[in-house]
Amino acid sequence: MDVSNTHLLDEAVVTTTIDAVINWGREASLWPFVFGTACCAIEFMSTAASRYDISRFGAEVLRFSPRHADLLVVAGTISYKQAPILKQIYDQMPEPKWVIAVGACASTGGFYDNYTTLQGIDEIVPVDVYVAGCPPRPEAIIDAILDIQRQLKREKSFEVRNTEFKGKLDDA
Amino acid sequence: MLNTPIILQSSELFQTITHAKNVLGFTLLLDITAIDNLHKKRPASTRFELVYILRHAAFKETLLYKVSVADETLGVESISSLFGSAEWAEREVYDQYGIHFINHPMLKRVLNHMQFVGHPLRKDYTITKGQYCTSSQDLMDEMKPLLKHRNLDLNNDNLMVVNLGPSHPASHGTIRTLAALDGETIVAAAAEIGYLHRGFEKSCENHNYNQIIPYTDRLNYCSAIMNNIAFAKTVEEMMGITLPERGIYIRIIVAELSRVIDHLVCLAAGLLDMGGQTNYWYLYNPRDNAYDFLSKLTGARLTNSYMRIGGMAHDLYEGWEGDLRDVLTKIDFGITESLKMITHNRIFNDRLQNISPVSAKQAIDYGFTGPNLRASGVAYDLRFAKPYYGYETFDFDMVIGSVGDTYDRMMVRFDEMNESMKIIRQAMSRIPDGDINVNDRRITMPAKGCVYGGIEDMMNQFKLVIEGVHVPKGEHYGSFEAANGELGFYIVSDGSGTPYKVKVRPPSFYHMAAYPKIIENYQVADAILTLGSLNIIAGEMDR
Ligand code: SF4
């Protein structure tokens, strides 16, 4: 946090920016919504379990309602059939929100270059961090969460993000 | 011996299958699929052929029928009145190939979305032609007849219709169930699948045999290696090759370990759904130890791609016995601790016993296999009925339940883990030294050092990579006792390195087809546990 102690009133007052305070709070309390569909979701289960334990990074409050969450973790293949549901869930999440695409499938369609699979979720929702791997190891998923934390520190806390994004399922 | 089909006329299809079921005793319909002959080198009499795969009540014999479809828009007689499992199987054929079934109760798409145009497994459908879907169907076309059948009316009877899934923490992936509720009780339900349809079968037609191995990993991703083995074993049967002893033992060891992992995940998640979080840690953590072993062995935790046609990627590493023994001890501990907490636990017993029982007869009709079928008291396990890889020489028991309720389905899995560990321990003590791969240059890659050192070996490797392993012309249905039940592959080869057609017989597909029926008259909270106990794996179900 960008805190400069001005010593006006000894230690009692700290001056800082509102962004720094809010982002400091947000950083360590990301609430993920896990949109787990396939094999990658199993590795997310491991990430949440005790060995890897994402609660060490303040992101263990897994929400299963998009309205409670601010981090969308898309773990698994997204088919064309699934795409409108993902879009709906993303839309239901309140701002500010971040998105992690876990694994090759969510990032690019992976090796399912065929008639069923959306070739990357960034065709329909904006993505902040892509994680490589098929599936990525739990450490890689944790690293992505840390990436989001680093990213959000630099953001304006009252700004709506990604206003210019237009996905394939957004109305023209 | 290869399982090749008997040719039938479409006019005699219904009668012959009725006869096979009622007189010959082929009571289990395993699968229905079709073949598109458009790209066959020698033209066939009709473009489409249907293949029916049945299994005898004593589970030893398989019967395959093949029927030419003169006109796919007219189609053939549906056999859904004979077998419950035929309903979804025929829907899939209709969805993928566009073949009509006369008298089918609800012939509509099952895997692809409703806005999809065309039939993707037809040879003239381009593999990469994706089609966007903008909305989901409301499923009322299925729900209304169900309610009418029960003399119920949505408004007059004050029913509420809710969606469980497709994005729901307890829907274990991507399964959607539409349930009509009277209070907390489900009076009618319909399920929709296909949210994880990833075009496995179409991809197979575009890759050579060894390239398909990674795709098979992702069918049932909780026990990836088992799918590898099931596929490789079917192809090897077609080629008439057998692995050296050591290779077979390695397959048995990793397969049984995968079965244990699969059951651990199923039970851990099922108990978590019930609020038993401590059980989750006890069962899930040893699984991570098993993954450590597998990643040391194969380089990957989950999707191992360890098998190859004719063997496997490499031998066991030095010191594997100690690691594996350690893993088994940890799993043993997890199971014991978990059982301590649930065996006499009133909540556990009350919430599971007598919930959604499936009788033996029903289970066979629905096409159940594996632990779900054994829970209903049917003693069917391919490792006993048609032993392969010398399973008959191991000392282990088949675990069967009595009433087929949610409790039985879970407890069968608990006990099966112990049986699998017995097999692993015996195999560890008996594993011989020697080769792991078949010694045939047309199948197995030469050693890396030789490829760099000699032109012949380099050419050999080049041909195997570019063209793939050539499988003799023909067709075969191979089956394997996977963690969830009978995992079968029906493969048609045209003699080249790429299969002409591959059809998976996924156990979960049929379990899911029965799910909306068996949760009726139980509560929503029961339905969640029933789903967990059936262990539906979307990757395998939707392919
Ligand atoms: S990236 Fe790989 S592991 Fe992840 S969902 Fe896709 S196929 Fe499965």
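**An enclosed helix, the cysteines and the ligand site**

In chain A, helix α3 (residues 83-92) has 7 of its 10 residues buried, so it is largely enclosed by the rest of the structure; buried here means under 20% relative accessible area, with exposed over 50% and partly exposed in between (1.4 Å probe, protein chains only). Helices (H or I, at least four residues) and strands (E, at least two) are DSSP runs, numbered from the N terminus. This is a predicted model, in which local features need pLDDT of at least 70 and side-chain atom pairs count only at pLDDT 80 or more, while totals for chains, interfaces and linings use all residues. Residues are numbered from 1 along each chain as its sequence is written, chains are lettered from A and ligands numbered from 1 in the order in which they are written, and side-chain values use heavy atoms, with hydrogens and water left out.

The buried residues of α3(A) are A:Ala83, A:Pro84, A:Ile85, A:Leu86, A:Lys87, A:Ile89 and A:Tyr90, and they pack against β1 (32-36), β2 (71-75) and β3 (98-102) of chain A, where contact means heavy atoms within 4.5 Å.

Across all chains, a search of the whole structure finds 0 disulfides, a disulfide being a pair of cysteine sulfur atoms within 2.5 Å. B:Cys133, buried with a relative accessible area of 2%, has its sulfur 18 Å from the closest cysteine sulfur, in A:Cys105, too far for a bond.

The ligand is surrounded by 14 residues, the closest being A:Cys39, A:Cys40, A:Ala104, A:Cys105 and A:Cys134, where near means a heavy atom within 4 Å. Because these surrounding residues come from chains A and B, the site is shared between chains.
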